[in-house]
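Subject: Structure handover

Hello,

Here is the structure I promised to pass on. Please open it first, then read my notes below.

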Amino acid sequence: MTAHHPVILIVEDEALVRLSAVGMLEDAGFRMIEAANGDEALELLEADSDVQLLFTDINMPGAINGLALAKRVHDRWPHIGIMVASARPMQPPHELPAGSRFEQKPYSPATVVRHARELTSA
């Protein structure tokens, strides 16, 4: 078990945004797994039960968007923390799974890292 380096699955279709977030969270001591869309993320989760946090963009191509992905992950893997990001304003809170954090883009690195630590320390 990688207790000292929590594993975060980041799901972001824009490569530069994903690279930036990966770098920011790796610098903070997290181990990162990347996916470009919700379908890829679900495949990775099936294969890697070490994931402790899902950090997903809402607007993505593919069969499911980030909100649908967050709900599926919350239902299937309730131990995984969830952070949802969007350039659009906050979704109605009831649309996010319980305990999730919303990150408004462009997000503050300090806030994202703080939320990631809160959600993986439990």
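Two strands count as paired if DSSP finds at least two bridges between them. Helices (H or I, at least four residues) and strands (E, at least two) are DSSP runs, numbered from the N terminus.

This is a predicted model: local features need pLDDT of at least 70, side-chain atom pairs count only at pLDDT 80 or more, and totals for chains, interfaces and linings use all residues. Residues are numbered from 1 along each chain as its sequence is written, and side-chain values use heavy atoms, without hydrogens or water.

The sheet: five strands form an open sheet in the order S2-S1-S3-S4-S5, with parallel pairing. Strands S2 (31–35) and S5 (101–104) are its edges, each pairing on one side only. S1 (residues 7–11) and S3 (residues 51–57) pair in the parallel sense over five bridges. Ile10 stands opposite Phe55 in S3.

The helices: H2 (residues 38–47) lies across S1, S2 and S3. H2 runs at about 135° to S2. Axes are lines fitted to C-alpha atoms, for helices over the stretch in contact, and angles run from 0 to 180 degrees between N-to-C directions. Contact means heavy atoms within 4.5 Å.

The axes of H2 and H3 (residues 66–76) come within 10 Å and cross at roughly 20°. H2 is therefore roughly parallel to H3 (angles under 35 degrees count as roughly parallel, over 145 as roughly antiparallel, 65 to 115 as roughly perpendicular and the rest as oblique). Gly38, Ala41, Leu42, Leu45 and Glu46 in H2 meet Leu69, Arg72, Val73 and Arg76 in H3.

Best wishes
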